[in-house]
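Hello,

Here is the structure I said I would pass on. My notes follow below it.

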Amino acid sequence: MILKFFGTFAVFVLATLLHWVFVEIFSPLDINVGVMLVFALITAACAGRARAYTFAFFCGLFLDFFADAMFGGYALVFTLLVFAFHKIENKIDFNGVGPQVVLTCVINMAATLVYGVFGKIFTGVFLWQGLKSFVLGSIITGLLMPVMYLFTVKYFMRSAGGRGNENRSIL
Amino acid sequence: MLYAAWNNMQRDKTSKKKSENYDGAYLRWLPVFYGLLALLVMVLPLQKPVNSARVALSYVFIPQLRAANAVAGYLGGTGDAVRNLINAAAENSELKDEIARLRIDNAQTEVLRNENERLSNILNIFKQTKWAGVWAKIAYREPSRRSMVIADKGSSDGVELRAPVIGVDDGVVGLLGKVIEVTPNTSKILLSTDEDFSVTAFLSQSRIECLAAGSGRGGMAAKYIPLEARITEGEKVYTSVSSALFPDGVLIGALASAAARGEEGSVFIAPPLKLAVDPLSVKEVLILAPMFGPAQGGAAAPRRESKK
(Lines give C-alpha, C1' and ligand atoms only; values in the text may rest on other atoms or scores of the structure.)
Protein backbone atom coordinates (compact mmCIF):
# COMPACT_ATOMS: atom_id res chain seq x y z
CA MET A 1 0.00 0.00 0.00
CA ILE A 2 2.76 2.42 1.01
CA LEU A 3 4.81 1.38 -2.01
CA LYS A 4 1.88 2.09 -4.30
CA PHE A 5 1.32 5.48 -2.72
CA PHE A 6 4.93 6.50 -3.17
CA GLY A 7 4.96 5.10 -6.71
CA THR A 8 1.90 7.16 -7.58
CA PHE A 9 3.37 10.22 -5.92
CA ALA A 10 6.61 9.73 -7.88
CA VAL A 11 4.66 9.60 -11.12
CA PHE A 12 2.82 12.74 -10.07
CA VAL A 13 6.09 14.53 -9.36
CA LEU A 14 7.44 13.37 -12.71
CA ALA A 15 4.28 14.61 -14.42
CA THR A 16 4.57 18.06 -12.83
CA LEU A 17 8.23 18.29 -13.79
CA LEU A 18 7.54 17.36 -17.39
CA HIS A 19 4.54 19.67 -17.47
CA TRP A 20 6.76 22.53 -16.42
CA VAL A 21 9.38 21.64 -19.01
CA PHE A 22 6.79 21.46 -21.80
CA VAL A 23 5.21 24.71 -20.68
CA GLU A 24 8.63 26.35 -20.88
CA ILE A 25 9.13 25.01 -24.40
CA PHE A 26 5.70 25.40 -25.98
CA SER A 27 4.20 28.42 -24.20
CA PRO A 28 6.12 30.87 -26.38
CA LEU A 29 4.49 29.14 -29.37
CA ASP A 30 0.99 29.45 -27.87
CA ILE A 31 0.63 25.68 -27.73
CA ASN A 32 -0.75 23.90 -24.69
CA VAL A 33 0.51 20.32 -24.34
CA GLY A 34 -1.54 18.11 -22.02
CA VAL A 35 1.24 16.39 -20.11
CA MET A 36 -0.90 15.99 -17.00
CA LEU A 37 -3.67 14.45 -19.09
CA VAL A 38 -1.18 11.96 -20.52
CA PHE A 39 -0.16 10.78 -17.07
CA ALA A 40 -3.78 10.73 -15.87
CA LEU A 41 -4.61 8.40 -18.78
CA ILE A 42 -1.56 6.22 -18.14
CA THR A 43 -2.60 5.84 -14.52
CA ALA A 44 -6.15 5.12 -15.61
CA ALA A 45 -4.88 2.42 -17.95
CA CYS A 46 -2.39 0.79 -15.60
CA ALA A 47 -3.47 1.41 -12.02
CA GLY A 48 -6.57 0.68 -10.01
CA ARG A 49 -9.65 2.81 -10.36
CA ALA A 50 -9.41 4.41 -6.95
CA ARG A 51 -5.87 5.57 -7.56
CA ALA A 52 -6.74 6.58 -11.14
CA TYR A 53 -9.57 8.89 -10.03
CA THR A 54 -7.53 10.35 -7.23
CA PHE A 55 -4.55 10.86 -9.49
CA ALA A 56 -6.68 12.48 -12.20
CA PHE A 57 -8.40 14.74 -9.69
CA PHE A 58 -5.12 16.01 -8.31
CA CYS A 59 -3.63 16.38 -11.78
CA GLY A 60 -6.60 18.58 -12.65
CA LEU A 61 -6.23 20.46 -9.41
CA PHE A 62 -2.58 21.05 -10.24
CA LEU A 63 -3.61 22.69 -13.52
CA ASP A 64 -6.35 24.66 -11.77
CA PHE A 65 -3.76 25.95 -9.40
CA PHE A 66 -2.23 27.83 -12.32
CA ALA A 67 -5.44 28.69 -14.16
CA ASP A 68 -6.78 32.22 -13.93
CA ALA A 69 -10.42 31.29 -13.69
CA MET A 70 -12.71 28.44 -12.72
CA PHE A 71 -10.75 26.79 -9.96
CA GLY A 72 -11.71 23.10 -10.01
CA GLY A 73 -12.59 23.03 -13.72
CA TYR A 74 -9.70 20.85 -14.78
CA ALA A 75 -10.23 18.57 -11.78
CA LEU A 76 -13.81 17.98 -12.92
CA VAL A 77 -12.84 17.49 -16.55
CA PHE A 78 -10.05 15.01 -15.71
CA THR A 79 -12.34 13.05 -13.39
CA LEU A 80 -14.98 12.80 -16.10
CA LEU A 81 -12.44 11.80 -18.75
CA VAL A 82 -11.02 9.02 -16.59
CA PHE A 83 -14.57 7.86 -15.97
CA ALA A 84 -15.22 7.84 -19.72
CA PHE A 85 -11.90 6.11 -20.33
CA HIS A 86 -12.84 3.31 -17.95
CA LYS A 87 -16.11 2.92 -19.79
CA ILE A 88 -14.38 2.31 -23.12
CA GLU A 89 -11.12 0.70 -22.07
CA ASN A 90 -12.45 -2.83 -22.56
CA LYS A 91 -13.20 -2.05 -26.20
CA ILE A 92 -9.73 -0.78 -27.13
CA ASP A 93 -6.18 -2.07 -26.98
CA PHE A 94 -4.39 0.71 -25.17
CA ASN A 95 -1.07 -1.14 -25.27
CA GLY A 96 -0.71 -0.39 -29.01
CA VAL A 97 1.07 2.76 -30.10
CA GLY A 98 -1.57 3.69 -32.68
CA PRO A 99 -4.52 3.56 -30.30
CA GLN A 100 -2.52 5.41 -27.68
CA VAL A 101 -1.74 8.27 -30.05
CA VAL A 102 -5.21 8.54 -31.55
CA LEU A 103 -7.12 8.13 -28.31
CA THR A 104 -4.94 10.59 -26.42
CA CYS A 105 -5.27 13.10 -29.22
CA VAL A 106 -9.05 12.76 -29.25
CA ILE A 107 -9.32 12.85 -25.45
CA ASN A 108 -7.19 15.99 -25.32
CA MET A 109 -9.48 17.64 -27.84
CA ALA A 110 -12.47 16.52 -25.85
CA ALA A 111 -10.90 17.85 -22.65
CA THR A 112 -10.33 21.23 -24.28
CA LEU A 113 -13.88 21.44 -25.54
CA VAL A 114 -15.44 20.24 -22.28
CA TYR A 115 -13.34 22.68 -20.31
CA GLY A 116 -14.48 25.44 -22.66
CA VAL A 117 -18.12 24.44 -22.21
CA PHE A 118 -17.72 24.40 -18.44
CA GLY A 119 -16.21 27.83 -18.67
CA LYS A 120 -19.24 29.02 -20.66
CA ILE A 121 -21.58 27.53 -18.08
CA PHE A 122 -19.87 28.65 -14.92
CA THR A 123 -18.13 31.87 -15.91
CA GLY A 124 -20.10 32.94 -18.99
CA VAL A 125 -17.02 32.82 -21.22
CA PHE A 126 -16.06 29.94 -23.52
CA LEU A 127 -12.51 29.22 -22.44
CA TRP A 128 -10.80 28.73 -25.81
CA GLN A 129 -7.04 28.63 -26.28
CA GLY A 130 -7.05 29.00 -30.04
CA LEU A 131 -7.21 26.61 -33.00
CA LYS A 132 -3.42 26.18 -33.23
CA SER A 133 -3.17 25.09 -29.62
CA PHE A 134 -6.27 22.93 -30.05
CA VAL A 135 -4.86 21.03 -33.06
CA LEU A 136 -1.10 21.05 -32.54
CA GLY A 137 -1.35 20.68 -28.78
CA SER A 138 -3.57 17.62 -29.20
CA ILE A 139 -1.24 16.08 -31.76
CA ILE A 140 1.85 16.66 -29.61
CA THR A 141 0.00 15.27 -26.61
CA GLY A 142 -0.93 12.20 -28.62
CA LEU A 143 2.65 11.70 -29.79
CA LEU A 144 3.88 12.12 -26.24
CA MET A 145 1.72 9.33 -24.93
CA PRO A 146 3.60 6.23 -26.24
CA VAL A 147 6.92 7.56 -24.96
CA MET A 148 5.59 8.43 -21.53
CA TYR A 149 3.64 5.18 -21.40
CA LEU A 150 6.74 3.08 -22.12
CA PHE A 151 8.82 5.07 -19.66
CA THR A 152 6.24 4.86 -16.88
CA VAL A 153 5.63 1.16 -17.43
CA LYS A 154 9.35 0.43 -17.47
CA TYR A 155 10.35 2.38 -14.38
CA PHE A 156 7.23 2.66 -12.24
CA MET A 157 5.24 -0.50 -12.92
CA ARG A 158 5.93 -4.16 -13.00
CA SER A 159 3.31 -4.68 -15.69
CA ALA A 160 0.62 -2.79 -17.51
CA GLY A 161 -2.81 -3.74 -18.71
CA GLY A 162 -5.58 -2.27 -16.62
CA ARG A 163 -7.34 -3.06 -13.42
CA GLY A 164 -6.79 -6.76 -13.64
CA ASN A 165 -3.11 -6.23 -12.96
CA GLU A 166 -3.38 -3.63 -10.27
CA ASN A 167 -2.10 -6.01 -7.61
CA ARG A 168 1.16 -6.36 -9.57
CA SER A 169 1.59 -2.68 -10.10
CA ILE A 170 3.19 -0.24 -7.73
CA LEU A 171 0.72 2.39 -8.94
CA MET B 1 -22.18 -31.38 11.77
CA LEU B 2 -22.97 -31.21 8.11
CA TYR B 3 -25.60 -28.58 8.87
CA ALA B 4 -23.04 -26.53 10.76
CA ALA B 5 -20.58 -26.76 7.87
CA TRP B 6 -23.31 -25.72 5.41
CA ASN B 7 -24.19 -22.77 7.62
CA ASN B 8 -20.55 -21.69 7.83
CA MET B 9 -20.17 -21.93 4.06
CA GLN B 10 -23.30 -19.89 3.51
CA ARG B 11 -22.12 -17.30 6.04
CA ASP B 12 -18.76 -17.01 4.29
CA LYS B 13 -20.41 -16.57 0.91
CA THR B 14 -22.68 -13.85 2.25
CA SER B 15 -19.77 -12.06 3.87
CA LYS B 16 -17.69 -12.15 0.68
CA LYS B 17 -20.60 -10.91 -1.42
CA LYS B 18 -21.18 -8.06 1.00
CA SER B 19 -17.49 -7.12 0.77
CA GLU B 20 -17.50 -7.15 -3.04
CA ASN B 21 -20.64 -5.03 -3.09
CA TYR B 22 -19.04 -2.61 -0.73
CA ASP B 23 -15.88 -2.33 -2.95
CA GLY B 24 -17.99 -1.99 -6.11
CA ALA B 25 -20.13 0.73 -4.56
CA TYR B 26 -17.07 2.52 -3.30
CA LEU B 27 -15.49 2.54 -6.74
CA ARG B 28 -18.80 3.43 -8.37
CA TRP B 29 -19.27 6.46 -6.15
CA LEU B 30 -15.66 7.60 -6.25
CA PRO B 31 -15.91 9.54 -9.57
CA VAL B 32 -19.15 11.03 -8.36
CA PHE B 33 -17.43 12.10 -5.18
CA TYR B 34 -14.54 13.72 -7.01
CA GLY B 35 -16.86 15.29 -9.56
CA LEU B 36 -19.05 16.79 -6.89
CA LEU B 37 -16.00 17.96 -5.02
CA ALA B 38 -14.72 19.70 -8.12
CA LEU B 39 -18.15 21.18 -8.81
CA LEU B 40 -18.37 22.36 -5.27
CA VAL B 41 -15.06 24.08 -5.58
CA MET B 42 -16.16 25.64 -8.84
CA VAL B 43 -19.68 26.71 -7.96
CA LEU B 44 -19.61 27.81 -4.40
CA PRO B 45 -18.45 31.34 -3.70
CA LEU B 46 -15.51 30.10 -1.75
CA GLN B 47 -13.02 32.73 -2.63
CA LYS B 48 -11.34 32.70 0.73
CA PRO B 49 -11.30 28.90 1.17
CA VAL B 50 -10.13 28.49 -2.42
CA ASN B 51 -7.38 30.94 -1.82
CA SER B 52 -6.51 29.10 1.36
CA ALA B 53 -6.55 25.84 -0.60
CA ARG B 54 -4.29 27.41 -3.18
CA VAL B 55 -1.94 28.47 -0.44
CA ALA B 56 -2.06 24.98 0.99
CA LEU B 57 -1.47 23.45 -2.41
CA SER B 58 1.42 25.79 -2.98
CA TYR B 59 3.24 23.99 -0.17
CA VAL B 60 2.89 20.81 -2.24
CA PHE B 61 3.41 22.14 -5.75
CA ILE B 62 5.85 25.02 -5.48
CA PRO B 63 8.89 22.94 -4.45
CA GLN B 64 8.28 20.74 -7.46
CA LEU B 65 7.92 23.74 -9.71
CA ARG B 66 11.08 25.23 -8.35
CA ALA B 67 12.81 21.95 -8.98
CA ALA B 68 11.34 21.79 -12.48
CA ASN B 69 12.40 25.36 -13.12
CA ALA B 70 15.88 24.57 -11.88
CA VAL B 71 16.01 21.49 -14.13
CA ALA B 72 14.77 23.49 -17.11
CA GLY B 73 17.25 26.24 -16.34
CA TYR B 74 20.02 23.71 -15.96
CA LEU B 75 19.09 21.99 -19.22
CA GLY B 76 18.85 25.36 -20.98
CA GLY B 77 22.19 26.39 -19.50
CA THR B 78 23.65 23.07 -20.53
CA GLY B 79 22.46 23.63 -24.08
CA ASP B 80 24.05 27.07 -24.14
CA ALA B 81 27.23 25.69 -22.62
CA VAL B 82 27.37 22.87 -25.18
CA ARG B 83 26.64 25.33 -27.98
CA ASN B 84 29.38 27.63 -26.70
CA LEU B 85 31.79 24.71 -26.48
CA ILE B 86 30.99 23.64 -30.04
CA ASN B 87 31.36 27.23 -31.24
CA ALA B 88 34.60 27.56 -29.31
CA ALA B 89 35.92 24.36 -30.88
CA ALA B 90 34.99 25.63 -34.35
CA GLU B 91 36.53 29.04 -33.64
CA ASN B 92 39.62 27.35 -32.25
CA SER B 93 39.98 25.32 -35.43
CA GLU B 94 39.51 28.43 -37.59
CA LEU B 95 42.00 30.40 -35.52
CA LYS B 96 44.55 27.61 -35.80
CA ASP B 97 44.14 27.66 -39.57
CA GLU B 98 44.44 31.45 -39.49
CA ILE B 99 47.63 31.22 -37.42
CA ALA B 100 49.08 28.67 -39.84
CA ARG B 101 48.21 30.97 -42.78
CA LEU B 102 49.72 33.96 -41.01
CA ARG B 103 52.89 32.01 -40.26
CA ILE B 104 53.22 31.15 -43.92
CA ASP B 105 52.50 34.77 -44.86
CA ASN B 106 55.01 35.92 -42.29
CA ALA B 107 57.66 33.59 -43.66
CA GLN B 108 56.90 34.77 -47.20
CA THR B 109 57.04 38.37 -46.05
CA GLU B 110 60.40 37.74 -44.46
CA VAL B 111 61.68 36.18 -47.68
CA LEU B 112 60.28 39.04 -49.75
CA ARG B 113 61.77 41.62 -47.40
CA ASN B 114 65.19 40.00 -47.65
CA GLU B 115 64.85 39.76 -51.41
CA ASN B 116 63.77 43.38 -51.64
CA GLU B 117 66.74 44.45 -49.56
CA ARG B 118 69.11 42.36 -51.64
CA LEU B 119 67.74 43.65 -54.94
CA SER B 120 67.90 47.24 -53.71
CA ASN B 121 71.56 46.77 -52.85
CA ILE B 122 72.23 45.19 -56.24
CA LEU B 123 70.44 48.03 -57.98
CA ASN B 124 72.51 50.60 -56.14
CA ILE B 125 75.70 48.74 -56.99
CA PHE B 126 74.98 48.34 -60.66
CA LYS B 127 73.96 51.97 -61.08
CA GLN B 128 77.63 52.70 -60.58
CA THR B 129 78.98 50.04 -62.98
CA LYS B 130 79.36 50.03 -66.72
CA TRP B 131 77.85 46.61 -67.31
CA ALA B 132 74.44 46.06 -68.76
CA GLY B 133 72.58 42.82 -69.27
CA VAL B 134 69.61 40.74 -68.27
CA TRP B 135 68.73 40.16 -64.64
CA ALA B 136 67.75 36.59 -63.87
CA LYS B 137 66.95 34.47 -60.86
CA ILE B 138 68.46 31.11 -60.11
CA ALA B 139 65.52 28.78 -60.74
CA TYR B 140 67.12 25.40 -60.33
CA ARG B 141 70.35 23.84 -59.16
CA GLU B 142 71.57 20.70 -60.84
CA PRO B 143 71.67 18.04 -58.11
CA SER B 144 74.11 15.81 -59.96
CA ARG B 145 76.48 18.67 -60.68
CA ARG B 146 76.62 21.38 -58.07
CA SER B 147 78.71 23.63 -60.30
CA MET B 148 75.84 24.18 -62.70
CA VAL B 149 72.65 26.22 -62.23
CA ILE B 150 69.68 27.17 -64.37
CA ALA B 151 68.45 30.77 -64.58
CA ASP B 152 64.88 31.76 -65.36
CA LYS B 153 65.71 33.88 -68.39
CA GLY B 154 66.44 32.58 -71.87
CA SER B 155 66.88 33.58 -75.48
CA SER B 156 63.48 35.26 -75.59
CA ASP B 157 64.81 37.68 -72.94
CA GLY B 158 68.02 38.38 -74.87
CA VAL B 159 70.30 35.83 -73.24
CA GLU B 160 72.90 34.42 -75.60
CA LEU B 161 75.28 31.51 -75.52
CA ARG B 162 78.71 32.09 -73.94
CA ALA B 163 77.43 35.15 -72.16
CA PRO B 164 79.38 36.08 -69.02
CA VAL B 165 77.46 35.88 -65.78
CA ILE B 166 78.05 38.14 -62.80
CA GLY B 167 76.70 37.63 -59.32
CA VAL B 168 76.31 39.70 -56.19
CA ASP B 169 76.95 38.38 -52.71
CA ASP B 170 76.71 40.61 -49.63
CA GLY B 171 77.11 43.70 -51.77
CA VAL B 172 80.17 42.41 -53.55
CA VAL B 173 80.04 42.05 -57.33
CA GLY B 174 81.99 39.16 -58.72
CA LEU B 175 82.41 36.62 -61.45
CA LEU B 176 79.97 33.75 -61.33
CA GLY B 177 80.24 31.79 -64.57
CA LYS B 178 79.11 31.68 -68.17
CA VAL B 179 76.06 30.56 -70.14
CA ILE B 180 76.56 27.17 -71.79
CA GLU B 181 73.02 26.36 -72.88
CA VAL B 182 70.11 28.59 -73.82
CA THR B 183 66.45 27.77 -74.32
CA PRO B 184 63.73 30.34 -75.00
CA ASN B 185 62.90 30.68 -71.30
CA THR B 186 65.90 29.33 -69.39
CA SER B 187 69.64 29.30 -69.56
CA LYS B 188 72.17 26.93 -68.04
CA ILE B 189 75.13 28.55 -66.31
CA LEU B 190 78.46 26.86 -65.74
CA LEU B 191 79.78 28.17 -62.43
CA SER B 192 83.33 29.34 -62.03
CA THR B 193 84.07 26.49 -59.60
CA ASP B 194 83.62 23.85 -62.30
CA GLU B 195 86.82 22.19 -63.46
CA ASP B 196 85.88 22.99 -67.06
CA PHE B 197 85.79 26.70 -66.33
CA SER B 198 88.76 29.02 -66.73
CA VAL B 199 89.39 32.69 -67.41
CA THR B 200 92.48 34.81 -67.87
CA ALA B 201 93.06 37.02 -64.85
CA PHE B 202 95.56 39.36 -63.30
CA LEU B 203 96.71 39.99 -59.77
CA SER B 204 95.89 43.50 -58.65
CA GLN B 205 99.16 44.23 -56.81
CA SER B 206 101.83 42.18 -58.50
CA ARG B 207 100.22 42.80 -61.95
CA ILE B 208 100.88 39.21 -62.95
CA GLU B 209 98.66 37.55 -65.51
CA CYS B 210 97.41 34.05 -64.68
CA LEU B 211 94.66 31.60 -65.44
CA ALA B 212 91.87 31.42 -62.85
CA ALA B 213 90.39 27.95 -63.19
CA GLY B 214 87.79 25.95 -61.32
CA SER B 215 89.12 23.23 -59.10
CA GLY B 216 86.02 21.04 -59.31
CA ARG B 217 85.88 20.94 -55.50
CA GLY B 218 83.95 24.14 -54.95
CA GLY B 219 86.81 26.55 -55.41
CA MET B 220 89.24 28.12 -57.90
CA ALA B 221 92.95 28.43 -58.21
CA ALA B 222 95.22 30.97 -59.88
CA LYS B 223 97.36 28.84 -62.21
CA TYR B 224 100.54 29.67 -64.16
CA ILE B 225 101.96 32.15 -61.64
CA PRO B 226 105.75 32.07 -61.97
CA LEU B 227 107.54 30.43 -59.10
CA GLU B 228 109.62 33.55 -58.39
CA ALA B 229 106.66 35.97 -58.45
CA ARG B 230 106.19 38.12 -55.35
CA ILE B 231 102.55 37.60 -54.44
CA THR B 232 100.80 38.41 -51.21
CA GLU B 233 97.97 36.69 -49.43
CA GLY B 234 94.62 38.46 -49.91
CA GLU B 235 95.69 40.01 -53.18
CA LYS B 236 92.65 40.70 -55.35
CA VAL B 237 92.26 38.83 -58.64
CA TYR B 238 90.34 40.37 -61.54
CA THR B 239 89.48 39.26 -65.04
CA SER B 240 92.10 40.30 -67.54
CA VAL B 241 91.67 42.56 -70.54
CA SER B 242 93.02 39.73 -72.64
CA SER B 243 90.01 37.56 -71.84
CA ALA B 244 88.04 36.77 -74.96
CA LEU B 245 84.86 36.04 -73.03
CA PHE B 246 84.70 38.29 -69.98
CA PRO B 247 84.98 42.05 -69.67
CA ASP B 248 88.05 43.18 -67.84
CA GLY B 249 88.00 44.24 -64.22
CA VAL B 250 85.42 41.77 -62.93
CA LEU B 251 86.43 40.68 -59.44
CA ILE B 252 87.09 36.96 -59.18
CA GLY B 253 88.35 36.75 -55.62
CA ALA B 254 91.51 37.02 -53.59
CA LEU B 255 94.53 34.82 -53.06
CA ALA B 256 93.80 32.56 -50.14
CA SER B 257 97.47 31.64 -49.70
CA ALA B 258 100.77 32.97 -50.98
CA ALA B 259 102.79 29.95 -49.98
CA ALA B 260 101.25 27.44 -52.32
CA ARG B 261 103.61 25.56 -54.51
CA GLY B 262 103.04 23.83 -57.83
CA GLU B 263 103.81 20.29 -58.81
CA GLU B 264 107.22 18.75 -58.29
CA GLY B 265 109.65 20.27 -60.80
CA SER B 266 107.12 22.80 -62.08
CA VAL B 267 108.08 26.43 -62.62
CA PHE B 268 104.60 27.70 -61.75
CA ILE B 269 102.56 27.84 -58.62
CA ALA B 270 98.75 27.62 -58.32
CA PRO B 271 97.54 29.29 -55.10
CA PRO B 272 93.86 28.80 -54.23
CA LEU B 273 91.43 31.68 -54.48
CA LYS B 274 88.87 32.86 -52.01
CA LEU B 275 85.91 33.64 -54.25
CA ALA B 276 84.25 37.05 -54.11
CA VAL B 277 80.84 35.52 -54.83
CA ASP B 278 79.79 32.20 -53.35
CA PRO B 279 78.19 30.39 -56.30
CA LEU B 280 76.14 28.19 -54.02
CA SER B 281 74.39 31.02 -52.19
CA VAL B 282 73.82 33.52 -54.99
CA LYS B 283 70.17 34.01 -55.96
CA GLU B 284 70.18 36.74 -58.64
CA VAL B 285 72.60 37.06 -61.49
CA LEU B 286 73.33 39.54 -64.23
CA ILE B 287 73.81 37.91 -67.61
CA LEU B 288 75.87 40.19 -69.82
CA ALA B 289 75.98 40.25 -73.59
CA PRO B 290 78.81 38.18 -75.17
CA MET B 291 81.92 40.13 -75.99
CA PHE B 292 82.06 38.95 -79.57
CA GLY B 293 78.43 38.44 -80.58
CA PRO B 294 76.24 35.35 -80.43
CA ALA B 295 77.84 31.96 -80.80
CA GLN B 296 77.12 29.67 -83.66
CA GLY B 297 74.46 27.09 -83.00
CA GLY B 298 72.24 29.32 -80.86
CA ALA B 299 69.56 28.18 -78.51
CA ALA B 300 68.23 25.43 -80.74
CA ALA B 301 71.55 23.58 -80.74
CA PRO B 302 73.31 24.46 -77.52
CA ARG B 303 76.80 23.27 -77.21
CA ARG B 304 79.04 22.81 -74.27
CA GLU B 305 81.92 25.19 -74.03
CA SER B 306 85.24 23.64 -73.26
CA LYS B 307 88.19 25.46 -71.81
CA LYS B 308 88.61 28.88 -73.19
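In α4(A), the residues A:G73, A:Y74, A:A75, A:L76, A:V77, A:F78, A:T79, A:L80, A:L81 and A:V82 are buried, meaning that 20 or more other C-beta atoms, placed from the backbone, lie within 10 Å of their own. Helices here are DSSP runs of H or I with at least four residues, numbered from the N terminus. The 16 residues of α4(A) should span 22 Å at 1.5 Å a residue, and the end C-alpha atoms are 23 Å apart, which agrees; the expected span is 1.5 Å times one less than the number of residues.

This is a predicted model, in which local features need pLDDT of at least 70 and side-chain atom pairs 80 or more, while totals for chains, interfaces and linings use all residues. Residues are numbered from 1 along each chain as its sequence is written, and chains are lettered from A in the order in which they are written.

A:F78 is also among the residues that touch the most other members of the largest nonpolar core, along with A:F39, A:A40, A:A56 and A:C59. That core has 54 residues, a nonpolar core being a set of buried Ala, Val, Leu, Ile, Met, Phe, Trp, Tyr and Cys residues joined through C-beta atoms within 7 Å. The largest share, 11 residues, comes from α2(A). A second, separate core of 48 residues includes B:V173 and B:C210.

Between the chains, 21 residues of chain B are in contact (C-beta atoms within 7 Å) with 23 residues of chain A. On the chain B side, α2(B) gives the most, with 11 residues.

Regards

Conventions:
Two residues are in contact if their C-beta atoms, placed from the backbone, lie within 7 Å. Helices (H or I, at least four residues) and strands (E, at least two) are DSSP runs, numbered from the N terminus. A residue is buried if 20 or more other C-beta atoms lie within 10 Å of its own, exposed if 12 or fewer, and partly exposed in between; C-beta atoms are placed from the backbone.
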